[in-house]
Amino acid sequence: ENHSWGYDRIAGALSHLGYTISDQTVGNILKRHGIVPAPERKKTTTWQAFIRAHLDVLMATDFFTTEVWTWCGLVTYYVLFFIHLGSRKVHIAGVTPHPDQMWMTQMARNVTMEDWGFLSPGQSLIHDRDAKFCPAFQHTMDGVGVRRVVLPPRSPNLNAYAEWWVRSVKEECLSRLILFGERSLRYALAEYGSHYHQERPHQGKENVVLMPAANDRQQRDSPIHCRERLGGLLKYYHREAA
């Protein structure tokens with residue numbers, strides 16, 4: 001857990017807990033378990049430790065696809081989204097059936113725009129090696145001072161926060177709807193976004209609602225009401241506000 005701790009430091013911590021042990025014994029125990037000395041451990045950082053240390057400035061981005069009925073038949077739409085790892089806030093950057101270089105460049109400009117973009121200098125952005133994250137997209141991010149953290153090939157587990165959100169939006173919403181046209185897709189995503197941020201408890205955040213309404217102070221003994229979205233597909237139970 002503490003990459004910079006040497007044998008003496010570990011022995012001192014154990015002594016504080018009531019265990020008398022020499023630094024050489026500490027070294028022998030670590031070696032038996034394949035743990036290298038502190039000078040070598042300082043050079044490496046686990047992915048989990050990196051994420052935990054940078055949660056407040058880390059964003060992740062990815063695509064997912066969904067099928068939409070159009071006048072031309074069934075069309076695959078790509079949804080580009082960004083998620084802030086610390087707060088779990090999700091931004092839908094855009095939807096399109098053709099995520100080409102021109103579209104990706106415009107999306108990069110939108111999300112880094114000074115007035116209303118949500119990516120700013122000093123933040124880090126996790127993304128995979130999908131060719132849709134083209135050189136123009138990368139250059140735009142680099143140009144505004146957003147540090148890109150490019151994942152190794154075939155490693156979706158390293159972008160777990162994004163993967164969890166994709167699973168949630170598909171299982172709870174999109175896979176249970178028949179979408180007719182891009183407009184219905186955008187509406188469904190907007191409704192799920194409001195539900196996700198303002199109404200849905202999050203197990204990864206100790207079952208709290210991420211962004212509850214400011215006036216959502218409930219009376220303990222007041223009647224319980226059900227708030228519905230998408231025709232009852234999404235439900236939120238609450239008491240009358242104080």
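Let's start with helix 5, residues 101-111. Its buried residues are Trp103, Met104, Thr105, Met107, Ala108, Asn110 and Val111. Buried means under 20% relative accessible area, exposed means over 50%, and partly exposed lies in between, with a 1.4 Å probe and protein chains only. Helices here are DSSP runs of H or I with at least four residues, strands are runs of E with at least two, and both are numbered from the N terminus.

What do those buried residues pack against? They pack against strand 1 (58-70), strand 2, strand 3 and helix 6 (135-143). Contact means heavy atoms within 4.5 Å.

A word on the model. It is predicted, so local features need pLDDT of at least 70 and side-chain atom pairs count only at pLDDT 80 or more, while totals for chains, interfaces and linings use all residues. Residues are numbered from 1 along each chain as its sequence is written, and side-chain values use heavy atoms, with hydrogens and water left out.

Now the whole chain. There are eight helices and nine strands. Of the 242 residues, 38% count as buried. Take the contacts between residues at least 6 apart in sequence: 50% of them join residues at least 24 apart.

Strand 2 is residues 73-84, and it pairs with strand 3 in the antiparallel sense over six bridges. Two strands pair if DSSP finds at least two bridges between them. Tyr78 stands opposite Thr96 in strand 3. The hairpin of these two strands has five residues between them, and there Arg88 takes a positive phi near 70°. Strand 3 covers residues 90-96 and is mostly covered, with five of its seven residues buried.

On to charges. Side chains of opposite charge can pair when their charged atoms come close. How many salt bridges does a search of the whole structure find? It finds eight. A salt bridge is a side-chain nitrogen of Lys or Arg within 4 Å of a carboxyl oxygen of Asp or Glu.

Here are some of them. Arg200 and Glu172 meet at 2.8 Å, N to O. That pair links distant parts of the chain: Arg200 sits in the loop between helix 8 and strand 6 (201-202), Glu172 sits in helix 7, and they are 28 residues apart. Arg200 is buried, at 13% relative accessible area. Glu172 is partly exposed, at 23%.

Asp130 bridges to Lys132, with the closest N and O atoms 2.8 Å apart. Asp130 is partly exposed, at 26%.

Then Arg186 and Glu182, at 2.9 Å, N to O. They are four residues apart in helix 8, so about one helical turn separates them. Salt bridges that share partners also join Glu191, Glu199, Arg227 and Arg229 into one network.

Stay with Glu191, in helix 8. Is Glu191 buried or exposed? Buried, because its relative accessibility is 16%. A polar contact of 3.4 Å joins its side chain to that of Arg229. Polar contact means a pair of N or O atoms within 3.5 Å; within protein, one must be able to donate a hydrogen and the other to accept it, and residues adjacent in sequence count only if both atoms are side-chain atoms. Leaving aside neighbours within four places in sequence, Glu191 is in contact with Arg229, Leu230 and Leu234.

Last stop, Ile178. This residue is in the loop between helix 7 (160-172) and helix 8 (182-198). Ile178 counts as exposed because its relative accessibility is 61%.
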